[in-house]
Amino acid sequence: MIILNDKRFSEERFCNVKNLEEIKNSPNNSTLIFQYSEKDIPLYQFCKKNGVPYGVKISSIQEFIFIHNLNGKYVFVDDLDLAKTLQKLADNYLSDTKIIMETSLKKIEKIALLEIDGIFVI
């Protein structure tokens, strides 16, 4: 299980972005985070083409499939039922896109028992 956004377990840095200008001005070696929007698919394509690691906050299976196909590193979800469904799909399709539940460390055991790829500590 991956634990993100907690310096004790991960040194990965994250940067929330909304447009190409913010992508270009983001800190080096950071993983970009987007809020899913279909109009932002060209931004995800830009990241894929340029080898920029990124994750997307999503709310549906369709959004997961799109991000999986665009080589997103992570999808972030805050709904446990959706996370369980997405994890089954990710395992079935051997997806490199990791399913990450946004939650507190208090819920780590529950998330681990559901075999979700990781958590993003909020």
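This note goes through a predicted model of one protein chain, from the overall fold to single residues.

1. Basis. The model is predicted, with local features requiring pLDDT of at least 70 and side-chain atom pairs counting only at pLDDT 80 or more, while totals for chains, interfaces and linings use all residues. Residues are numbered from 1 along each chain as its sequence is written, and side-chain values use heavy atoms, with hydrogens and water left out.

2. Elements. The chain holds 5 helices and 7 strands. Both are DSSP runs numbered from the N terminus, a helix being H or I with at least four residues and a strand being E with at least two. Read from the N terminus, the order is β-β-α-β-α-β-α-β-α-β-α-β.

3. Overall dimensions. The radius of gyration of the chain is 14 Å, which agrees with the value near 14 Å for a compact globule of 122 residues. That radius is taken over C-alpha atoms, and the globule rule is 2.2 Å times the number of residues to the power 0.38. The C-alpha trace spans about 40 × 30 × 20 Å along its principal axes.

4. Burial and surface. Of the 122 residues, 43% are buried. Here buried means under 20% relative accessible area, exposed means over 50%, and partly exposed lies in between (1.4 Å probe, protein chains only). The accessible surface of the chain is about 7400 Å², and carbon and sulfur atoms supply 49% of that surface. Areas come from the Shrake-Rupley method with a 1.4 Å probe, and for residues only the protein chains shown count as cover.

5. Among contacts in the chain with a separation of 6 or more, 39% join residues 24 or more positions apart; a contact means heavy atoms within 4.5 Å. There are 16 positive and 17 negative side chains, and the centres of the two sets are 3 Å apart. Lys and Arg count as positive and Asp and Glu as negative, with His and the chain ends not counted. The place of a charge is taken as NZ of Lys, CZ of Arg, CG of Asp or CD of Glu.

6. Helix 2. Ile41, Leu43, Tyr44 and Cys47 are the buried residues of helix 2. They lie on the same side of helix 2, because their arc around the axis is only 160°. The arc is that of the directions from the helix axis to the C-beta atoms. Pro42 and Lys49 are exposed on the face turned away from the buried side of helix 2. The buried residues of helix 2 pack against helix 1 (20–24), strand 3 (30–35), strand 4 and helix 3.

7. Helix 3. In helix 3 (residues 61–69), the buried residues are Glu63, Phe64 and Ile67. Their arc around the axis is only 100°, so they sit on the same side of helix 3. Their packing partners are helix 2 (41–50), strand 4 (54–57), strand 5 (74–77), helix 4 (80–92) and strand 6 (98–103). Asparagine 71 follows helix 3 and has a positive phi, near 60°.

8. Positive phi in loops. Asparagine 5, a residue other than glycine, has a positive phi near 70°. It is placed in the loop between strand 1 (2–4) and strand 2 (13–16), and its relative accessible area of 40% makes asparagine 5 partly exposed. Asparagine 29 has a positive phi near 60° and belongs to the loop between helix 1 and strand 3. With 76% relative accessibility, asparagine 29 is exposed.

9. Phenylalanine 76. This residue is part of strand 5 and is buried, with a relative accessible area of 1%. Beyond its neighbours within four places in sequence, the contacts of phenylalanine 76 include Leu4, Phe14, Ile33, Val56, Ile100 and Phe120. Phenylalanine 76 and cysteine 15 are 61 residues apart in sequence and 14 Å apart in space, C-alpha to C-alpha.

10. Two partly exposed residues. Threonine 85 is in helix 4 and is partly exposed at 35% relative accessibility. Lysine 107 is in the loop between strand 6 and helix 5 (108–113) and is partly exposed at 47% relative accessibility. Lysine 107 and isoleucine 119 are 12 residues apart in sequence and 9.1 Å apart in space, C-alpha to C-alpha.
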